[in-house]
Amino acid sequence: DFGEVMVHQMIHTIEFVLGAVSNTASYLRLWALSLAHSQLSAVFYDRVLMASVQSDSPAAMIVGFFVWALATLGVLMIMESLSAFLHALRLHWVEFQNKFYSGTGWQFVPFSFADLANEDH
């Protein structure tokens, strides 16, 4: 029947468009995290490290270096780890689930020693 085929094709078209928008939004989120990372690294470098170097004070340079190193490792490494985690999660849940997963299989039954003992009797 033509009407049934048309409805079926419309559903697939809507799913495709929604998937494309979802994938684009997911990559934009990763891009925004990368942009924030680069801007924060520029701010830490300019405002902390270079400001302490321009002060011409050895004590300020040492303190400035340690503040810059801690800020870089603390904030930026956490952001980079979050970015890597989000990208891996995105690849698993968005890409894999959309393309390869089909929910046809066996229902998960957790392992239980009690069930094994009941089966033996």
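These legends describe several views of a predicted model of one protein chain.

View 1. The secondary structure of the protein chain consists of three helices and zero strands. Read from the N terminus, the order of the elements is α-α-α. Helix H1 covers residues 2-54 and helix H2 covers residues 58-99, while helix H3 takes in residues 113-120. Along the principal axes, the C-alpha atoms occupy a box of roughly 80 × 55 × 10 Å. The radius of gyration of the protein chain is 26 Å, whereas a compact globule of 121 residues would have one near 14 Å.

**View 2. The surface and contacts of the protein chain.** Of the 121 residues in the protein chain, 12% count as buried. The accessible surface amounts to about 10,000 Å², and carbon and sulfur atoms hold 71% of that area. Among contacts with a separation of 6 or more, 71% join residues 24 or more positions apart.

**View 3. Asp56 in the loop between helices H1 and H2.** The loop that holds Asp56 lies between helix H1 (2-54) and helix H2 (58-99). Is Asp56 buried or exposed? Asp56 has a relative accessible area of 65%, which is over the 50% cut-off, so this residue counts as exposed. Most residues other than glycine have a negative phi. Asp56 is not a glycine, yet its phi is positive, at about 60°.

**View 4. Ser52 in helix H1.** Ser52 belongs to helix H1. Its relative accessibility is 7%, and because buried means under 20%, Ser52 counts as buried. Which residues does Ser52 contact, leaving aside its neighbours within four places in sequence? They are Ser57, Ala60, Met61, Gly64 and Phe65. Helix H2 spans residues 58-99.

**View 5. Ser83 in helix H2.** Ser83 is part of helix H2. With a relative accessible area of 16%, Ser83 is buried, because the cut-off is under 20%. When neighbours within four places in sequence are left aside, Ser83 is in contact with Leu30 and Leu33. Helix H1 spans residues 2-54.

**View 6. Thr13 in helix H1.** Thr13 is located in helix H1. Thr13 has a relative accessibility of 42% and counts as partly exposed. Where Thr13 and Ser38 are shown together, they are 25 residues apart in sequence. The C-alpha atoms of Thr13 and Ser38 are 38 Å apart in space. An α-helix has 3.6 residues a turn, so residues three or four places apart point the same way.

**View 7. Gly105 in the loop between H2 and H3.** Gly105 sits in the loop between H2 and H3. The relative accessible area of Gly105 is 64%, and this residue is exposed. From Gly105 to Ile78, the separation is 27 residues in sequence. In space, the C-alpha atoms of Gly105 and Ile78 are 38 Å apart.

**View 8. Helix H3 and its start.** How many of the eight residues of helix H3 (residues 113-120) are buried? The number is zero, so helix H3 lies largely in the open. At the start of H3, a side-chain oxygen of Ser112 comes to within 3.3 Å of the backbone nitrogen of Ala114.

Note on methods: Residues are numbered from 1 along each chain as its sequence is written. This is a predicted model: local features need pLDDT of at least 70, side-chain atom pairs count only at pLDDT 80 or more; totals for chains, interfaces and linings use all residues. Side-chain values use heavy atoms; hydrogens and water are left out. Helices (H or I, at least four residues) and strands (E, at least two) are DSSP runs, numbered from the N terminus. The radius of gyration is taken over C-alpha atoms; the globule rule is 2.2 Å times the number of residues to the power 0.38. Buried means under 20% relative accessible area, exposed over 50%, partly exposed in between (1.4 Å probe, protein chains only). Contact means heavy atoms within 4.5 Å. Accessible areas come from the Shrake-Rupley method with a 1.4 Å probe; for residues, only the protein chains shown count as cover. A polar contact is a pair of N or O atoms within 3.5 Å; within protein, one must be able to donate a hydrogen and the other to accept it, and residues adjacent in sequence count only if both atoms are side-chain atoms.
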